[in-house]
Amino acid sequence: MSEIARLMAQLAPKEGVNHTHLSGVNVFRGSQYASRDPLCYSQGVLIVGQGKKRVYIEDQTFDYDRQHSLVMTVPLPVECETFASIEEPVLVLMVDINLVQLNYIVRLMDEHHQIPKDLNESRQSGFFIADSTEDMDCSVIRLLQALQSPLEAKVMGEALVLELLYRLLDAPNAAPLYALSLSHTRLSRVEKALSYIHKHYGESVEVDTLASLVNMSPSAFHRCFKEVTTSSPIQYLKKIRLNKARELLQLQRLKVKEVSSQVGYESTAQFSREFKRYFDQSPGEFARL
């Protein structure tokens with residue numbers, strides 16, 4: 001077991017998500033294979049200490065493992081497959097992207113003329129794979145070591161997350177991370193619209209309203225939205241509603257009709273059809289698990 005895996009294992013004694021002493025930083029443990037399943041990834045960095053995960057985003061497939069980290073610059077509905085066993089559980093460090101921290105680093109890099117000049121505005125996806133480097137691994141180890149202690153996590157945690165973000169910005173394909181911080185980019189505009197969707201998914205959300213919110217024409221907004229998320233705005237909204245519905249059914253044990261209404265559906269029948277199509281089981285069947 002590598003040092004990174006050993007430190008992650010100490011922070012993740014139980015299955016699923018384990019909270020650490022630092023807000024926005026968690027460690028996931030999974031001890032069995034999990035087949036492809038829809039879920040929503042938050043805006044953040046996923047660093048594997050052991051095992052492998054495979055992510056399906058529309059017609060694209062990505063693996064992230066010990067050599068490759070997954071960086072989600074925006075929250076995205078995906079499908080995920082987990083490769084793990086009791087003998088070799090998958091261990092993943094999950095670090096939320098703090099926009100205040102990111103903006104601070106990018107501003108300093110700009111002052112020192114270190115922002116890449118060839119940021120490609122024509123295509124900025126909402127995610128990318130960052131290859132592991134020696135500097136990155138050293139940053140991860142220092143952060144994991146600090147997280148073992150409540151005091152060290154409180155004293156040094158934020159600075160170590162700052163270092164981690166800085167190392168990620170040094171990745172060759174980190175353009176989407178820069179674009180998230182720079183206010184004039186397409187990605188940062190779409191991110192603003194996504195934040196609105198995640199706050200108002202239970203209400204009526206119109207594409208024209210989202211386009212107006214980010215000062216874009218509906219056609220330009222639709223095109224940029226799909227570049228960043230690989231989905232249309234309506235498809236994205238539907239997936240967010242269905243993922244939120246599954247959370248409500250699982251955590252709050254609400255009735256199907258109540259959940260349907262809370263996530264923005266006027267018709268319970270339509271909600272049930274779309275839920276079954278997306279998760280391959282009806283909301284009632286899922287609630288009984």
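Predicted model: local features only at pLDDT ≥ 70, side-chain atom pairs only at ≥ 80, totals over all residues.

Start with the open sheet of 4 strands, whose order is E3-E8-E5-E6 and whose pairing is antiparallel. At the edges are strand E3 (34–41) and strand E6 (60–64), each of which pairs on one side only. From one strand to the next, the twist averages 30°.

Strand E5 covers residues 52–57 and pairs with E6 in the antiparallel sense, over 5 bridges. Which residue in E6 is the bridge partner of Ile57? The partner is Gln60.

Next, find helix H9, made up of residues 233–251. Helix H9 lies across E3 and strand E8 (76–83), and its direction is at about 110° to that of E3.

Most residues other than glycine have a negative phi. His113 has a positive phi, near 55°, and is not a glycine. Where does His113 lie? His113 is in the loop between helix H2 (99–111) and strand E10 (127–131). Is His113 buried or exposed? Its relative accessible area is 63%, and exposed means over 50%, so His113 counts as exposed.

Asn215 is also a residue other than glycine with a positive phi, near 55°. Asn215 sits in the loop between helix H7 (207–213) and helix H8 (218–229). With a relative accessible area of 66%, Asn215 is exposed, because the cut-off for exposed is over 50%.

Conventions. Residues numbered from 1 in each chain as written. Heavy atoms only, no water. Helix = DSSP H or I, 4+ residues; strand = E, 2+ residues; numbered from the N terminus. Buried < 20%, exposed > 50% of the residue type's maximum accessible area, 1.4 Å probe, protein only. Pairing = 2+ DSSP bridges. Axes fitted to C-alpha atoms, helices over the stretch in contact; angles between N-to-C directions. Contact = heavy atoms within 4.5 Å.
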